Amino acid sequence: MEKYVIKGGTPLVGEVEIGGAKNAALAILAAATMSDETVFIDNMPDASDTNAMLQAIASNGAFVERVSRHSVKINASQIRNFTFENEFIKKIRASYYLLGATLGKHKSAGVVLPGGCEIGLRPIDQHIKGFTALGATLNTEHGIIYANADKLVGAHIYLDVVSVGATINIMMAAAMAEGKTIIENAAKEPHVVDIANFLNSMGANVKGAGTDVIRIRGVEHLHGTEYTIIPDQIEAGTFMMAAAATKGDVTIKNVIPKHLESISAKLVEMGCQIHESDDEVRVVATKRLQNTHVKTLPYPGYPTDMQPQITTALGLASGVSIVTESIFENRFKYVDELTRMGASIKVEGSTAIIEGVDKYTGATVSAPDLRAGAALVIAALTAEGFSTVEDIKYIERGYEDFEVKLRELGACIEKVNDDKEVQKFKLKNA
Ligand code: EPZ
């Protein structure tokens, strides 16, 4: 099983290029199947989740040509099987995007239900509420959720929860429904806007994305397009937090600073210097971080996907910090691992009370989920001595070349296959 081995203590210094947004790509790849013409997508991350989505649509008959590592051509006109239950789709949680896209286009769809998840229950009742409002009948059999409709008719849908997935899924189905759909209490994340822009580039009529009211006028046909995915807000934030935690000086390139405002604001509160230009953010942290308090919120609030990373950095700050997770009910599991590296954090329900310590010490830890895994790598980069981070498959679901990019910033990190290679790394870097 592959793992990262890390020798901590080196401040990250230099420049890092951010890739395309994984969570935008997953929805855009699903939405690309709504056209019978060829769609060209650029700035796509080469991560296991996005690769699984491509394999899933190809497995059901779509033409998929990887033009380069970060660009792909898709033509879904030959898809005849509207039920996605192949081995690839079972690997990703965002498989439900194929339900909205296929229901919108073919008025009939089936997707294997997304599995459980490490960070919380992840219900899809709001997705179902939206599809039902548009006129679909939903039923679940043998672990597959089916959605069928004679026709889809626009509706006025009020989301009970601000849900990124439900907002995007309903938007896709409504894009090819008859008439007008209004989604109230919609999510405003950058990737919600990206999918709306992508759909509009195919001839859809989606207005208001990025606000909490999205208005969609259905169209009968979506044509081909060429589209470039936005930079990944969370990959960028992860490197910003790594720069802060290691007291480094890192310029994060190919970003949209506006998308990072809540993260930059917190880093300034923690004593970092932030320098922004039109597509770069530079983080300089020369002294010990200061404590602050954080509550995760839907965009433009502080992102839940950046909660493990800031908790890890605050674990080294002076003073006591409080982090409240308001989106998911079980997103502090990694704290047990961080404690083994010397953190002093008490989790009470959805709140972590963090007493800053002077340092972490290296240990062997296991990544419980994607973002927590990245946070444990950040902890190891600061730690005294050697660490091994196991179960890195979670990290590679959403981060392309994570250890390569960190090494280019001066980190002493390698991806190895077994304990023999861990020992070799330790001898080489003793
Ligand atoms: C997306 O998940 C992201 N995943 C998550 O990123 C991210 O943490 C989350 O949005 C919040 O920003 C993808 O985009 C593939 P939600 P999603 O629906 O859409 C509740 C990562 O690390 N809810 O916005 O599933 C839900 O339980 C991943 O890249 C319902 O109650 O999140 C949660 O408490 C982790 N009913 C809250 O809403 C529903 O029908 C927000 O979930 C849907 C959601």
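Is Phe386 buried, exposed or partly exposed? Phe386 is partly exposed, at a relative accessible area of 24%, where buried means under 20%, exposed means over 50% and partly exposed is in between (1.4 Å probe, protein chains only). Keep in mind that this is a predicted model, so local features need pLDDT of at least 70 and side-chain atom pairs count only at pLDDT 80 or more, while totals for chains, interfaces and linings use all residues. Residues are numbered from 1 along each chain as its sequence is written, and side-chain values use heavy atoms, with hydrogens and water left out.

**Aromatic pairs**

- A pair of aromatic rings is described by the distance of the centres and the angle of the planes.
- There are seven aromatic pairs in the structure; rings of Phe, Tyr and Trp (its six-membered ring) pair if their centres lie within 6.5 Å, and planes under 30 degrees apart count as stacked, over 60 as edge-to-face and the rest as tilted.
- One of them is Phe198 with Tyr227, an edge-to-face pair at 5.4 Å centre to centre with 75° between the planes.
- Phe198 sits in helix 6 (residues 190–201) and Tyr227 in strand 14 (residues 225–228), so this pair ties together parts that are 29 residues apart in sequence. Helices (H or I, at least four residues) and strands (E, at least two) are DSSP runs, numbered from the N terminus.
- Both Phe198 and Tyr227 are buried.
- Back to Phe386: its ring pairs with that of Phe425, and with centres 6.1 Å apart and planes at 85° the pair is edge-to-face.
- Phe386 belongs to strand 23 (residues 386–390) and Phe425 to helix 14 (residues 419–428), so here the parts tied together are 39 residues apart in sequence.
- While Phe386 is partly exposed, Phe425 counts as buried at 2% relative accessibility.
- Ring pairs also link Tyr4, Phe239, Tyr399 and Phe402 into a cluster.

**Salt bridges**

- A search of the whole structure turns up 26 salt bridges, each being a side-chain nitrogen of Lys or Arg within 4 Å of a carboxyl oxygen of Asp or Glu.
- Among them is Asp49 with Lys22, whose closest N and O atoms are 3.9 Å apart.
- Asp49 is in helix 2 (residues 48–59) and Lys22 in helix 1 (residues 22–31), so the bridge ties together parts that are 27 residues apart in sequence. Both Asp49 and Lys22 are buried.
- Lys129 bridges to Asp160, with 2.9 Å between the closest N and O atoms.
- Lys129 comes from helix 4 (residues 125–133), and Asp160 from the loop between strand 10 (156–158) and helix 5 (164–175), so the parts joined are 31 residues apart in sequence.
- Lys129 counts as partly exposed at 31% relative accessibility, whereas Asp160 counts as exposed at 52%.
- Glu261 and Lys258 form another salt bridge, the closest N and O atoms being 3.2 Å apart. Glu261 is partly exposed at 41% relative accessibility, and Lys258 is exposed, with a relative accessible area of 52%.
- Salt bridges with shared partners join Asp46, Arg66, Arg69, Glu400 and Asp401 into one network.

**Surface patches**

- Patches are made of residues with over 30% relative accessible area and no salt bridge; like charges are joined within 9 Å, and nonpolar side chains (Val, Leu, Ile, Met, Phe, Trp, Tyr) within 5 Å.
- Lys180, Lys207, Arg215 and Arg217 make up a positive surface patch. Lys and Arg count as positive and Asp and Glu as negative, with His and the chain ends not counted.
- Lys180 lies in strand 11 (residues 180–184) and is partly exposed, with a relative accessible area of 39%.
- Val320, Ile322 and Ile353 form a nonpolar surface patch with about 200 Å² of accessible area together, by the Shrake-Rupley method with a 1.4 Å probe.
- Ile322 is part of strand 19 (residues 320–324) and counts as partly exposed at 33% relative accessibility.

- Pro303 is in the loop between strand 18 (293–295) and helix 9 (307–314) and counts as buried at 9% relative accessibility.

Methods. The place of a charge is taken as NZ of Lys, CZ of Arg, CG of Asp or CD of Glu.
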